[in-house]
There are 2 protein chains.
Amino acid sequence: MSDETAIPVVGMLRPRWGDPARTAELPGAAAALAGDREAAAGVDPDTISPARSTVDVAVREDISAVVGADHVSDADAARVQHTRGYSTPDILRLRAGDADDAPDLVVYPGDHDEVVAILRVCSERRIAVVPFTGGTSVVGGLTPDRAGLAGVISLDLRRLDRVVEIDEISRTATLQAGLRGPAAEALLREKGWTIGHFPQSYEGAGIGGYAATRSAGQSSAGYGRFDEMVEGLVLATPRGTVELGTAPRSAAGPDLRQLVLGSEGVFGVITSVQIRIRPAPTARVFDAWRFASFAEGATALRRLAQDGPLPTVLRLSDEVETALNLADPAGAGSEASGPDDAGAGSGEGDGDGDGDGDGGGCLVVAGYEGAADEVARRRDAASSVLIDAGGGALGEGPGEAWRTGRFAGPYLRDPLLDAGVLVETLETVAFWSRLHDVRAAVTAALTDSLTASGTPPLIMCHVSHVYASGASLYFTVVAPFADDPLAQWGAAKVAANSAIRASGASITHHHAVGRDHRDAYHDEIGPLALDALRSVKASLDPDGVCNPGILL
Amino acid sequence: MSDETAIPVVGMLRPRWGDPARTAELPGAAAALAGDREAAAGVDPDTISPARSTVDVAVREDISAVVGADHVSDADAARVQHTRGYSTPDILRLRAGDADDAPDLVVYPGDHDEVVAILRVCSERRIAVVPFTGGTSVVGGLTPDRAGLAGVISLDLRRLDRVVEIDEISRTATLQAGLRGPAAEALLREKGWTIGHFPQSYEGAGIGGYAATRSAGQSSAGYGRFDEMVEGLVLATPRGTVELGTAPRSAAGPDLRQLVLGSEGVFGVITSVQIRIRPAPTARVFDAWRFASFAEGATALRRLAQDGPLPTVLRLSDEVETALNLADPAGAGSEASGPDDAGAGSGEGDGDGDGDGDGGGCLVVAGYEGAADEVARRRDAASSVLIDAGGGALGEGPGEAWRTGRFAGPYLRDPLLDAGVLVETLETVAFWSRLHDVRAAVTAALTDSLTASGTPPLIMCHVSHVYASGASLYFTVVAPFADDPLAQWGAAKVAANSAIRASGASITHHHAVGRDHRDAYHDEIGPLALDALRSVKASLDPDGVCNPGILL
């Protein structure tokens, strides 16, 4: 039923996003921003030559002895395709032909034991190891610090692509880390199950990356964050194997799974995870609602998060994002029919002049997936709450439009960059009581910084993940290129990070830490917790070869 | 409304449990087990003299300089009341007059900063520090290893008893660690909120202990485990303060809260936690159901856990526990009216001859708390599932009887021990697919061991905590004293631990590790994870004074 299963596993080609066969045209608003600026199309990646691989022949021989010579590559194309991640600065660098951070070798292990063996070789030889599943990091998580090391390998886990076991009684599946999202979902759907994890990076990212970065998908209200789905995991370290998750929950000491989740490769390489699975949904409906203001919409989301019921997907766009969505013909915000069976109250939000009507206001998307009767019940109850909270029903049209277009966003970046328009996203999470202050602080910081660069930005914000005690805030920032877009964004990002921390929010909700958030992360957890994490790293990775410079 | 708020904070007096003003009489079945054995009443605790306090005057002066001389005690009574926990072996030792493990001093700090300062003094002076909130550990969590140290202090947190903050928007409360369960609940109920955490140790245990041991309460199906409620915490360590929990959820590295939760005092002392709170319930109903077998009942619970809706309390007793409950006049299992509004299907389980009727079968208690309409809806839907799964409605009588009697269990141990009957509990948790094998293995191990001791046991088992992927198993073991009850139970416990691990379950679901589960815990997490934890301890507690010998 679901379109997620129709999304193929694509061979993305850096620096561009997604399926190479698919191109995106700029929507009107974005094209207007680009104005008459000159095109800034990047260098063809096939023409980029990274610096010569610095690892010596003995390293390559040792690694080949583990995985076979066919599974080790120092070809330029492979190295370029494993260079950095997908943040806008990463993409800008590669578009400029800069592949200085390319790994020396790309290695494709075939199983967990080979990963352990490679980590041992790399410990002995002092070679940094970067785990690679989808390579979609937007925080510099694939750009290790080479200082003091003899080289860098990218450990591409694509051959670890099996569903190891499905436990239908316990409703768990054990998946190898190299499975990409669409492939994992397709394999489970064949058996009637779903993972329910659909991050914006879905086409590119993989299971190991989801776990290592605490990924959260668009359906987190219904299916939970990826870290909440993980029941067990296997970690390969230079010292051997750590296997965690004897039982779903336990009082047997600290929950060490939660120490490995979010560790971003610095303790070793996650090679498989046992995750919760659920019956594949048989019914689906996505409704759209309009609220008079972001604050009113946030209060409605809070009510659903605290008192239920939660839709499967729940998100709120601010006025700017709403206006741009509605300006997009595909977003078709003018349809005004209520949800088919939203209950007797479905019209109550009409006529107040605030909550709906054309123009203005804030869009809420509430999507429901599951068994038909359960979807109907949940939709009915949630719709009552939304109406009571001041929501005006916009019907299924814009809800479906959001759903079908929800993986299209990342495709817009490339034509924007081509047109000389900077676009980047950043996100945070805070307790409900701080949410509006955080949003205001981050918006002001970005506006001030980019305006000071001579490029006043367009800033959109949405809430896409809600919890009983708080919610995420996701910002999309668009501005014309300054003379040096890297410096332009670098300054804005520093300003945003400072604002996030100063307003009491976390430096990241689901993008992870990588290198870009490292300093702010250290500020967030404090020096003693950082020492504790470093001691864990020293214990499991005594030679410091596991993704050095990331996180810690 | 709820009786939990009527439970006073009592001054328990070891070795006996609970409110000293309350005595328990043995129910018929237990009295029959006791038979004509001679009474084995223990020593009056007021007559027990622990060994002389070994810490020197300088230590006492240093600590007094931090907390004031009035808040340091080496009186025999105080030391005896801080000796060990409440496991049956702990109680048997104290009943025999053995207070060899008494702390040298009992210290009552007044705030977080005093805790940090005491930890610094104790690091310098090499004095072990045992955090003490309720002192109800049943796994030896209060009995540190003195080897290489100059003494032991019990750090009683009773003066840290404030509600620091209630964030009504985010629905969180920040509570100091020394608040005992009933006091914390009462303070929140005054403002219209509940924590919803009611472990069997409720009368004795406190907030810090809940957090340090990953406590799970009887209402975990509705309110979650304590570790799931924690949004933030403050840890005092010998090196200073660790403060965690910037946001409800985040991708900012490993979830370090989950590294402190379950750490049982070995990294330091949790001094406050920020936890989720919910509106105090205004409606409540407890239903009882009978299933033909444990397996059938477990399948019903699994359906509720996997597809919902979950009651607030959900538990399944096996045939033996059910028979004993029903034999108890207070348990009154003969009432056969269905839930008042359990829906049209409420009688469908009748007449099949398996699921209900007098005698035999397995009792399920399903309790609901919340707002009236929400309780009615959830009860209706859950009742339909229970009926469909073969449950026969026993009505509210035995459900209410369970609810009102649910804190009475621990009071039975003292009269049983007085009568020469050993009683102890142990628990585990496993994935659903392994649950029945685990139950069989543990039951066999306990039966074999105790029978070999010449004391064939009575073994009861129940499921009291369910998850989508698994459930807890809680065993109550009753057997007449052998000549040496400590050795008798020691052998049985070793056998049970082995069976738990061999059958792929976790060594503890909610009792924690302490000393009693330490070896099995190390087996469960493996040597590399253990090294990682030890490295965290070395980082935060470099002199090794924080609850040494516990967990690690």
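**View 1. The contact between chain B and chain A.** The contact (heavy atoms within 4.5 Å) takes 77 residues from chain B and 77 residues from chain A. This is a predicted model, in which local features need pLDDT of at least 70, side-chain atom pairs count only at pLDDT 80 or more, totals for chains, interfaces and linings use all residues, and side-chain values use heavy atoms, with hydrogens and water left out. Residues are numbered from 1 along each chain as its sequence is written, while chains are lettered from A and ligands numbered from 1 in the order in which they are written. About 5,500 Å² is buried between chain B and chain A, 61% of this coming from carbon and sulfur atoms; buried area is the accessible area (1.4 Å probe) that two parts lose on being put together, summed over both. On the chain B side, B:T246, B:F431 and B:L528 lose the most area to chain A, together 13% of what that side buries.

View 2. The largest share of the side of chain B that touches chain A, 12 residues, comes from α18(B); helices (H or I, at least four residues) and strands (E, at least two) are DSSP runs, numbered from the N terminus. Six salt bridges are found across this interface, a salt bridge being a side-chain nitrogen of Lys or Arg within 4 Å of a carboxyl oxygen of Asp or Glu. A:R239 forms a salt bridge with B:D531, with the closest N and O atoms 2.7 Å apart.

View 3. β5(B) and β6(B) (residues 172–176) pair over four bridges, and B:I166 has B:A173 as its bridge partner in β6(B). Axes are lines fitted to C-alpha atoms, for helices over the stretch in contact, and angles run from 0 to 180 degrees between N-to-C directions.

**View 4. The four-stranded sheet of chain B.** This open sheet has the order β1-β2-β4-β3 and mixed pairing. β1 (72–73) and β3 (128–132) of chain B stand at the edges. β2(B) (residues 105–107) and β4(B) (residues 152–156) pair in the parallel sense over three bridges, and B:V107 is bridged to B:L155 in β4(B). Helix α5 (residues 112–125) of chain B packs on the sheet, touching β2, β3 and β4, with its direction at about 175 degrees to that of β4(B).

**View 5. Cis peptide bonds.** A:R14 and A:P15 are joined by a cis peptide bond with omega of about 5 degrees; A:P15 is in the segment before α1 (28–34) of chain A. Another cis bond joins B:G308 and B:P309, with omega of about -5 degrees.

Methods
Pairing = 2+ DSSP bridges.
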